[in-house]
Amino acid sequence: MHTPSGTGTDKAEPQPLRSPMAVAPSDEHADVALRASLIVMAPIARWLIRSGVQYGAFASALKSVFVQVAREEIQSSGRKATDSALSVLSGVHRKDIRQLSQHKGRDFKPKSVSLVSQVFTRWVTDPRYRDEQGRPRKLPRLGAQDSFEALSRELSTDVHPRTVLEELVRLRLVRLDGDEVELLTEAFVPAEDHAELAALLSANGADHLAAAVHNLTTNHPRFLEQAVFADGLSERSALELSRLARELWAEVFQKMVTQASARCAADRDEPRPHRMRFGVYYYSEPERREDGPSARAADQA
């Protein structure tokens, strides 16, 4: 029997602000962090290798990430991020830091949700665009109300609804049926667009890790970061649990989007806006031979 695992609980809500280190770094903490990070890096390395990216290219590109994070850490403490200070904290040579400073502008923060994704999400969650069974209904392409044009203009007047529609069609998320637009799925998973999927992976994965790192390295109340684990399962059981996970997510997704949309509307004039991301994942694979089954079920978080 396994207990729920994670770095945080839902008993205390954190303030989404940068905070000081919970403890001073030590050789022991450094060793633990390095060994744990290699486990986290394994799927990243698999993605890079399958995409044709070799170690040398990744190691070279990683310098800029270390320098940017070091700059943020220094500035958050009220100090000036000089080349020397950046080099000491990041371990990147001053010569490389000078070269990197000449090519500023790269942003490693998770991107905001795209307009296409916003339109898609409102379509599948807003009661105005759902039928009596709660399913997204076909929408007239044009019209001042209850149409795809109206839906798109609710979220942006800067991008023409035709452009949004063309992108949704390109991603194979909708299809045109005469003068109507029909959703082909209720999940924003643009399988035909590698760049869009990569952006989703980086944004979701980065925020998940950011929550865990916050919990491990700061004194502030912890973010929710929990998981349920079970081994000793048959392939059939793993598939059935996968279906259950999707059903549970559909319920939570609807409720969270409804609440988030209402709060975004109420907070439109907030002078210091915050962002949030709430997600869930499910993964299963055959156990390695050296890993004997040690549990038949897991408690719920």
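Predicted model: local features only at pLDDT ≥ 70, side-chain atom pairs only at ≥ 80, totals over all residues.
Q: Which residues in H3 and H4 meet?
A: From H3, Asp83, Ser84, Leu86, Ser87 and Ser90 take part, and they meet Arg94, Ile97 and Arg98 in H4. Contact here means heavy atoms within 4.5 Å. By class, the residues of this contact between H3 and H4 divide into two nonpolar, three polar and three charged.

Q: How do the axes of helix H6 and helix H7 cross, and what makes H6 roughly perpendicular to H7?
A: The axes of H6 (residues 148-155) and H7 (residues 161-170) come within 9 Å and cross at roughly 105°. Angles of 65 to 115 degrees count as roughly perpendicular, so H6 is roughly perpendicular to H7.

Q: Which residues in H6 and H7 meet?
A: Phe148, Glu149, Ser152 and Arg153 come from H6, while Pro161, Val164, Leu165 and Leu168 come from H7. The residues of the contact of H6 with H7 divide into five nonpolar, one polar and two charged.

Q: In what order do the three strands of the open sheet stand, and why is one side of E2 and of E3 left without a neighbour?
A: The order is E2-E4-E3, with antiparallel pairing. Strand E2 (139-140) and strand E3 (174-177) stand at the edges and have a single partner strand each, so one side of each has no neighbour in the sheet.

Q: How do you know that E2 and E4 pair?
A: Pairing requires at least two bridges between two strands. E2 and E4 (residues 180-183) have two bridges, in the antiparallel sense, so they count as paired. In E4, Glu180 is the bridge partner of Pro140. Helix H5 (residues 115-125) packs on the sheet and touches E2, E3 and E4, and its direction makes about 85° with that of E4.

Q: Over how many bridges do E3 and E4 pair, and what lies between them in the hairpin?
A: E3 and E4 pair over four bridges in the antiparallel sense. Two residues lie between the strands of the hairpin, and Gly178 in the turn has a positive phi of about 70°.

Q: What does the protein chain as a whole contain, and what share of its residues count as buried?
A: The protein chain has nine helices and five strands. Of its 301 residues, 22% count as buried. Among contacts with a separation of 6 or more, 62% are between residues 24 or more positions apart.

Note on methods: Residues numbered from 1 in each chain as written. Heavy atoms only, no water. Nonpolar A, V, L, I, M, F, W, Y, C, P; charged D, E, K, R; others polar. Axes fitted to C-alpha atoms, helices over the stretch in contact; angles between N-to-C directions. Parallel < 35°, antiparallel > 145°, perpendicular 65-115°, else oblique. Buried < 20%, exposed > 50% of the residue type's maximum accessible area, 1.4 Å probe, protein only.
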